[in-house]
Amino acid sequence: MAEINAFLTGLYARSESLSKATQDHDRGRVSAEQLTKQRQSDQDQLVELQKSAHLTYLSDGLLNWQDLFRPFLEIVQGLEAGPLVRFFDNNTFYRQPVVAAPLHLRRENLETWLSQYFRTSAHGAWKATLPSPYFFAQVAHDTAYRDKPKLIEAFTEIVLTPIAEQLAARNVKFLQLQEPWLVTCNRVGAAPADWRAFDKAIGTLGKNIKKKNLVLGLHTYFGDAAPALGPLLELDIDAVGIDFCETDLENLRSFDFAEKGLICGCLDARNSWIEDEAIVVKFVERVQETLAPRVLSLSTNADLEFVPEPVARRKVQLLGRVAAQFSSK
Amino acid sequence: MSLFTTYEIGSLAKPEWRVKAVMGRPLEASDIESAKVWGERFQIDYQPLLTLLQKKEFSAADKEQVRQWSSLYGVRLLETAGLSVVYDGEQQRSEMYHYPVSHSEGFEFRGQMRSFDNKYYQKAACVAEPKLKKPYHVEEFRTIQKIAHKPLKVPITGAYTLIDWSFDEYYAKAVTQMGSARARRERQAARRKFLLDVAKNLVRPNLEALVQAGATWIQIDEPAVTTHPEEVPLFVESFNESTRGIKCRFTIHLCFSDYNLLFPHIDELENCWGLTIGFANYDSRKLGTQRADRPGYETLYKLAALRNRFNIGLGVLDIHSDFIEPPELVRDRIVYSVKVLGDPSLVCPASDCGLRTRSWEVAYQKLQNLVEGTQLAEQVLR
């Protein structure tokens with residue numbers, strides 16, 4: 001029987017109070033301190049929710065991230081915010097990152113930046129989320145390197161690796177790279193040069209963080225993982241994430257998960273319908289039987305920012321109950 | 001007689017005096033001054049409004065009156081800017097999704113969702129088969145009919161956008177599995193049923209009621225159409241279901257999408273007179289009527305090749321920016337587009353989308369320049 005984990009994925013939903021505080025702050029009605037206080041309150045409640053659901057790793061919910069790339073504009077010289085772009089097939093938009101100059105990490109501000117965007121503590125095991133360098137290179141408007149493999153390499157070496165090392169020092173035990181592009185926009189396969197660069201970059205990142213006892217996962221979502229799974233399993237990562245709202249389990253039978261963890265996206269983060277617990281449990285049993293991963297981590301298929309917070313809370317509670325049924329076996 | 005019909009897409013910003021009065025918040029002197037200044041510009045007898053706005057508290061009846069005044073201002077803004085066809089800038093409505101959903105049965109709001117940055121909207125779940133409480137735009141239409149001096153174009157949110165922007169807790173119950181081809185088929189079937197029920201039960205009765213009340217041009221707003229490329233044929237099916245047999249000029253508004261995804265499926269649209277498409281957002285601000293000058297209008301070539309010769313509501317104003325398009329730029333965008341489409345009667349110059357995110361000052365100037373630019377284009381083309 002695989003080791004069973006459960007945790008959140010990506011950005012969590014903001015409560016109505018926090019949403020209002022952000023709008024009031026934009027309009028000058030509340031101070032930055034008041035906004036921070038509301039955010040901390042949301043995070044405290046989210047941490048309590050995860051603890052009561054007995055989730056394996058704690059996440060701060062990325063509640064002050066406007067999108068997966070925005071925080072990096074403050075710490076990476078050479079990155080700027082571009083136009084609003086729809087985030088895949090959602091009614092949500094992100095600002096396209098623009099690589100206007102060679103990337104340079106502002107290390108002098110790193111401590112402050114990490115405190116602002118990655119809340120952890122000495123207690124519990126924490127999880128952090130970063131964008132996958134492959135995904136970043138595909139969506140960025142790059143006027144500096146003008147070469148995706150070079151950009152993948154630069155973003156990993158200059159940005160992700162130092163940040164990951166610092167996160168390990170802050171009690172982060174699991175680092176999840178978000179990678180929707182590979183399974184949505186890559187239906188004919190990744191460009192070979194891009195893939196080679198990604199493979200190499202992940203290898204470098206993985207080697208550095210393994211020294212710090214940090215588990216590295218790459219989560220794919222919004223698309224069918226089957227066509228990309230072969231190469232994904234060969235990457236030097238500890239876990240691969242799959243969106244089972246988009247992927248047929250039967251199509252994964254021939255893949256070997258013996259040496260890999262599986263992040264099982266088994267709840268739909270984009271619909272408010274709360275899944276039937278018995279159906280989810282039955283499905284997870286089938287996943288175990290079919291794939292027999294070394295470690296099975298249960299999560300939602302994507303970020304819970306795609307549902308209102310009260311719904312997100314119920315999904316987390318369901319996740320906890322499903323995981324508990326396997327932990328007790 | 002003018003070669004072109006000009007119009008705005010739908011929404012205008014709501015004036016502060018309307019927002020504060022309806023929300024029961026105190027008005028400032030600047031709000032009342034704004035009502036006066038714009039009233040003068042639009043040649044409205046605004047004194048009764050100023051008297052109303054001086055009240056310390058607003059009753060439900062007072063708030064309704066303020067909304068009606070806001071409609072009048074919206075209509076006059078568009079009319080005095082010189083547009084051929086108008087409405088009221090959707091002053092009576094809360095928002096293009098919230099308004100129809102809150103006036104329908106079978107939906108419950110689930111809470112706030114983030115669109116981008118710190119912009120949020122309320123999202124509902126379908127919890128029962130959608131049904132109409134009563135047609136939700138007829139009273140508004142009748143009010144505007146009485147005050148408008150120009151022909152009207154009524155905007156209404158289409159079925160595809162309504163379901164795509166909603167959660168599904170009703171039809172999704174039919175999905176009994178996870179992580180399988182069968183589960184995906186069940187989900188697709190559930191989604192199609194949801195869509196066609198909304199088309200038949202919500203949108204179609206609204207269209208019929210509006211036509212019965214005298215509407216001759218209805219614009220169906222479908223910003224979500226290309227969100228799921230594989231569902232464009234489904235959108236076409238829902239439009240045809242919504243409008244079949246109804247005698248009216250129907251146009252579809254599309255914006256900020258990959259328009260390539262519409263082809264070839266949109267050639268199967270029936271009973272569709274035109275497509276209103278946002279182009280200016282993607283275009284250069286340089287003058288010129290050559291292809292290299294007008295990168296935002298590439299889709300026109302595909303539109304020109306369709307079997308259906310749709311009228312094109314040509315977006316010539318960028319609604320995401322306070323940049324005031326010079327009339328000459330508008331002229332060149334129109335002249336170029338007529339060159340591509342081959343027939344000026346196929347072009348109606350318009351804004352890319354609603355001007356809700358722009359101040360009235362900016363919106364008014366943009367629309368005035370739209371009209372002036374159209375006149376310049378006519379001089380070139382005649």
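Student: In which loop of chain A is L62(A) found?

Tutor: Helices (H or I, at least four residues) and strands (E, at least two) are DSSP runs numbered from the N terminus. By that naming, the loop that holds L62(A) is the one between α2 and α3 (72-75) of chain A.

Student: What kind of model is this, and on what terms are its values given?

Tutor: Residues are numbered from 1 along each chain as its sequence is written, while chains are lettered from A and ligands numbered from 1 in the order in which they are written. Side-chain values use heavy atoms, without hydrogens and water; local features need pLDDT of at least 70, side-chain atom pairs count only at pLDDT 80 or more, totals for chains, interfaces and linings use all residues, and the model is predicted.

Student: Is L62(A) buried or exposed?

Tutor: Its phi is near 50°, a positive value in a residue other than glycine. Most residues other than glycine have a negative phi. Buried means under 20% relative accessible area, exposed over 50% and partly exposed in between (1.4 Å probe, protein chains only). L62(A) has a relative accessible area of 5%, so the residue counts as buried.

Student: What is the relative accessible area of F222(A)?

Tutor: F222(A) is in the loop between β7 (215-219) and α9 (226-234) of chain A. This residue has a positive phi of about 70° although it is not a glycine. F222(A) is classed as buried because its relative accessible area is 6%.

Student: How many residues of chain B are in contact with chain A?

Tutor: Contact means heavy atoms within 4.5 Å. On the side of chain A, 39 residues take part, and in chain B the number is 30.

Student: What area is buried between chain A and chain B?

Tutor: Buried area is the accessible area (1.4 Å probe) that two parts lose on being put together, summed over both. Carbon and sulfur atoms give 44% of the total, which is about 3100 Å².

Student: Which residue of chain B forms a salt bridge with D248(A)?

Tutor: A salt bridge is a side-chain nitrogen of Lys or Arg within 4 Å of a carboxyl oxygen of Asp or Glu. By this rule there are 5 across the interface of chain A and chain B. In the one formed by D248(A), the closest N and O atoms are 3.0 Å apart, and the partner is R184(B).

Student: Which element of chain A gives the most residues to the side that touches chain B?

Tutor: Elements that each supply at least two residues of that side are α1 (16-26), β2 (76-86), β3 (93-105) and α10 (277-291) of chain A. With 5 residues, the one that gives the most is α1(A).

Student: Against which elements do the buried residues of α1(A) pack?

Tutor: The buried residues of this helix are L18(A), S19(A), A21(A), T22(A) and D24(A). Their packing partners come from both chains: α2 (32-52) of chain A, and β1 (104-116) and β2 (119-132) of chain B.

Student: Which residue of β5(A) stands opposite V99(A)?

Tutor: An open sheet of 3 strands in chain A has the order β2-β3-β5, with mixed pairing. Two strands pair if DSSP finds at least two bridges between them, and 2 bridges join β3(A) to β5(A), which run parallel. Opposite V99(A) stands D142(A).

Student: How far is the backbone oxygen of L83(B) from a polar atom of the K150(B) side chain?

Tutor: K150(B) lies in the loop between α6 (138-147) and β3 (154-157) of chain B and counts as partly exposed because its relative accessibility is 27%. Leaving aside neighbours within four places in sequence, K150(B) is in contact with E79(B), G82(B), L83(B), S84(B) and V86(B). The distance from the backbone oxygen of L83(B) to the side-chain polar atom of K150(B) is 2.7 Å.

Student: What is the relative accessible area of S70(B)?

Tutor: S70(B) is part of helix α4 (residues 60-81) of chain B. Beyond four places in sequence, S70(B) is in contact with P15(B), W17(B), R18(B) and Q91(B). S70(B) is buried, and its relative accessible area is 0%.

Student: Is the peptide bond from F263(B) to P264(B) cis or trans?

Tutor: P264(B) is in the loop between β6 (249-254) and β7 (274-277) of chain B. Most peptide bonds are trans. From F263(B) to P264(B), omega is near 0° and the bond is cis.

Conventions. A polar contact is a pair of N or O atoms within 3.5 Å; within protein, one must be able to donate a hydrogen and the other to accept it, and residues adjacent in sequence count only if both atoms are side-chain atoms.
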